[in-house]
Amino acid sequence: MLSSLHKDHLNIAKLLQLLKYKLVAIRGEQPISYFLIRDVVDYLREVSDKYHHPKEDMIYDYYLKYRVVEGEVANRLHEEHAKLLEAGTELKEMVEMILMDAVIPLDQFTARLEQFIEQQEAHMNYEEGVIFPHLRDSLTEDDWRHLEQLWHNRAENDPLFGAEVSQHFQALARQLSLPLSS
């Protein structure tokens, strides 16, 4: 399970790199596709907020319940997931306004985009550097089997990096040079 979460992080890092390129282009006053930025944010909201983070939360809740003495670990992971959801919502709203030709000050948009990227990266670094090692060291094979069983009923296909790219993310897949089906 941790390897699939790590793979998700690698995929998210590719999308964040794409956003960084777009940020540089915007600051360089080069034309960019705001539709592409919207698609990245949509993907992160759809997959991270509905699939990736709930999977992490399920594992982490199990860890807190069965492997950690009460009060020993804060709820930082859940709080960060909530903040990322809020940041994604705010960025999506701003992009949608731009796509509807609303006048948004460029410095305001670039600041929001940069903050979003930094939040995402800091969160993944925290998980990879702190949370995942604790889980790896603390949970047994039986724990992992139990968690796999719990998650199996909720598993979904990744609409961008999975076997088939959904219609919604075709342009984004082309931008990332991904095959449209495997």
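**View 1. Tyrosine 66 is partly exposed, with a relative accessibility of 44%.** The model shown in this and the following views is predicted. Tyrosine 66 belongs to helix α2, which spans residues 34-67. Its relative accessibility of 44% falls between the limits of 20% and 50%, and tyrosine 66 therefore counts as partly exposed. Aspartate 42 lies 24 residues from tyrosine 66 along the chain. The C-alpha atoms of tyrosine 66 and aspartate 42 are 34 Å apart.

**View 2. Aspartate 39 is a buried residue of helix α2.** The relative accessibility of aspartate 39 is 5%. Because buried means under 20% relative accessible area, aspartate 39 is classed as buried. When neighbours within four places in sequence are left aside, aspartate 39 contacts His168, Phe169, Ala171 and Leu172. Between the C-alpha atoms of aspartate 39 and aspartate 142 there is a separation of 38 Å. Along the chain, aspartate 39 and aspartate 142 are 103 residues apart.

**View 3. Tyrosine 43 and phenylalanine 169 form an edge-to-face aromatic pair.** The structure contains 6 aromatic pairs. Tyrosine 43 lies in helix α2, whereas phenylalanine 169 lies in the loop between α5 and α6 (170-175). The pair thus links distant parts of the chain, its two members being 126 residues apart. Both tyrosine 43 and phenylalanine 169 are buried. Ring pairs also bring Phe161 into a cluster with Tyr43 and Phe169.

**View 4. Helix α2 packs against helix α3 in a left-handed crossing.** Helix α3 comprises residues 76-99. The axes of α2 and α3 come within 10 Å and cross at roughly 165 degrees. Because an angle over 145 degrees counts as roughly antiparallel, α2 is described as roughly antiparallel to α3. The residues of the contact of α2 with α3 comprise 12 nonpolar, 5 polar and 9 charged.

**View 5. Helix α2 and helix α4 are roughly parallel to each other.** Helix α4 comprises residues 106-138, and its axis is 12 Å from that of α2. The packing angle of α2 and α4 is about 30 degrees; because angles under 35 degrees count as roughly parallel, the two helices receive that description. The crossing of α2 and α4 is left-handed. On the α2 side, the contact is made by Tyr34, Ile37, Leu44, His52, His53, Glu56, Ile59, Tyr60, Tyr63 and Arg67. The residues contributed by α4 are Leu106, Phe109, Leu113, Phe116, Gln120, His123, Glu127, Ile131, Phe132, His134, Leu135 and Ser138. By class, the contact of α2 with α4 consists of 13 nonpolar, 6 polar and 3 charged residues.

**View 6. Helix α2 passes helix α5 in a right-handed crossing.** Helix α5 comprises residues 141-152. The axes of α2 and α5 come within 11 Å and cross at roughly 140 degrees, which means that α2 is oblique to α5. From α2, the residues in the contact are Tyr51, Pro54, Lys55, Met58, Ile59, Tyr62 and Arg67. They meet Asp143, Trp144, His146, Leu147, Leu150 and Trp151 of α5. The contact of α2 with α5 divides into 9 nonpolar, 1 polar and 3 charged residues. Ile59 and Arg67 of α2 take part in this contact and are also listed in the contact with α4.

**View 7. Aspartate 101 and serine 177 have positive phi values.** Most residues other than glycine have a negative phi. For aspartate 101, phi is near 65 degrees. Aspartate 101 is placed in the loop between α3 and α4. Its relative accessible area is 67%, so aspartate 101 is exposed. For serine 177, phi is near 60 degrees. Serine 177 is found in the segment after α6. With a relative accessible area of 66%, serine 177 is likewise exposed.

Conventions. Residues are numbered from 1 along each chain as its sequence is written. This is a predicted model: local features need pLDDT of at least 70, side-chain atom pairs count only at pLDDT 80 or more; totals for chains, interfaces and linings use all residues. Side-chain values use heavy atoms; hydrogens and water are left out. Axes are lines fitted to C-alpha atoms, for helices over the stretch in contact, and angles run from 0 to 180 degrees between N-to-C directions. Helices (H or I, at least four residues) and strands (E, at least two) are DSSP runs, numbered from the N terminus. Angles under 35 degrees count as roughly parallel, over 145 as roughly antiparallel, 65 to 115 as roughly perpendicular and the rest as oblique. A crossing is left-handed if the near helix is turned anticlockwise from the far one by less than a right angle, and right-handed if clockwise. Contact means heavy atoms within 4.5 Å. Ala, Val, Leu, Ile, Met, Phe, Trp, Tyr, Cys and Pro count as nonpolar, Asp, Glu, Lys and Arg as charged, and the others, Gly among them, as polar. Rings of Phe, Tyr and Trp (its six-membered ring) pair if their centres lie within 6.5 Å; planes under 30 degrees apart count as stacked, over 60 as edge-to-face and the rest as tilted. Buried means under 20% relative accessible area, exposed over 50%, partly exposed in between (1.4 Å probe, protein chains only).
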